[in-house]
Amino acid sequence: MTDSGRPELGRVGIWTFAYDGQPAGRVRESAAELEELGYGAIWFGEAFGRDTVGQAWLLLSATRRITVGSGIANIAFRDPIATATATRALGEAFPGRYVLGLGGHRVDDTVHRLDGYPVPARGRAVSTMDAYLRAMDAVPVHSPAADPAPPRLLGALGPKMLQLAAARTWGALPCFVPVEHTARARRIMGPGAFLAVEQAVVLDADPGRAREVATAHVAGYLSAPHQQAGLRRLGFGDEDLTGGPSRRLVDAIVAHGETDVIRRRVRDHLAAGADHVCLQVLTADAGALPGREWRELAAALLP
């Protein structure tokens, strides 16, 4: 923990969805190895694998020092009361080591088809998130709680959500963004907000194979309207987004090649204003743990 009471994340961490497909024992072993390799943080997404609270507890209990962050916990999946009380419990049990990243909203049709909630009007992501944060703040405290409480970050992409992140939380954790977004996010949020950036990477010396994996990753995200909208704000057009992602877009989103390529991309994000870069390592087998790549990148990027 830093003197400010915030977790110490270092400059480089790991972001992964791969833990969802692994048994708990393997997750514990892997998390402990990432800590020993010297990464500053472990971030994990949330879909329909382990819920964000259980995954955080699993990772925190398997390690001693490393920061663990939900990146992001989907607010469509749980009531603000549940999120607030679970966050307090994690903060009490693992003081100074947990960060709550929040994102999503209740206009996700996939979620509604599963849980039956009515779909509210679209275009209200910022007001929905603001209301969710205020509802969390209003939950009474009836159990021991960490002081300071675990900080919050928002998975912010657009200007208004970035402004909300700076005003109401520790800062932002944007995912699926190029370096240009990092520079823009820093200008919008100002110098005081914390900015962690997810960076997808493919560590492979074979250019064709690396680009194939990178292209598949980018293509998978383009079905999301909010991702397309964010990319259009950065100057990408139909020629980049329709009929498969363009080479320009793939190269902007995914750093692919050998370690020097990835090292440069991390440095570019830091120079653009990021405080922390979390690497999502992509391989041809999305469900496998990229242990070899994590070790190689640690040797190349960490002090």
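**Ground rules.** I'm working with a predicted model, where local features need pLDDT of at least 70, side-chain atom pairs count only at pLDDT 80 or more, and totals for chains, interfaces and linings use all residues. Residues are numbered from 1 along each chain as its sequence is written, and side-chain values use heavy atoms, with hydrogens and water left out.

**Entry 1: cysteines.** How many disulfides did I find by this rule? The count is zero. I looked up C175 anyway: C175 is in no disulfide, and the nearest cysteine sulfur, that of C278, is 6.2 Å away. C175 has 18% relative accessibility, so it counts as buried. C278 is buried too, at 0%.

**Entry 2: helix α2.** Helices (H or I, at least four residues) and strands (E, at least two) are DSSP runs, numbered from the N terminus. Helix α2 covers residues 52–61, and its buried residues are T52, Q55, A56, L58, L59 and L60. What do they pack against? I noted α1 (24–37), β2 (41–44), β3 (67–74), α3 (80–93) and β4 (98–103), with contact meaning heavy atoms within 4.5 Å.

**Entry 3: aromatic pairs.** Rings of Phe, Tyr and Trp (its six-membered ring) pair if their centres lie within 6.5 Å; planes under 30 degrees apart are stacked, over 60 edge-to-face, and the rest tilted. I count five aromatic pairs in the structure. One of them is W57 with F94: the centres are 5.3 Å apart and the planes at 80°, so I logged it as edge-to-face. W57 sits in helix α2 and F94 in the loop between α3 and β4, so the pair ties together parts 37 residues apart in sequence. W57 is partly exposed at 37%, while F94 is buried at 14%.

I also looked up W170 and F194, which are stacked, at 4.1 Å centre to centre and 15° between the planes. W170 is in the loop between α6 (159–168) and β6 (171–172), and F194 is in strand β7 (residues 194–203), so this pair links parts 24 residues apart in sequence. W170 is buried at 13%, and F194 is buried at 13%.

Definitions and conventions. Buried means under 20% relative accessible area, exposed over 50%, partly exposed in between (1.4 Å probe, protein chains only). A disulfide is a pair of cysteine sulfur atoms within 2.5 Å.
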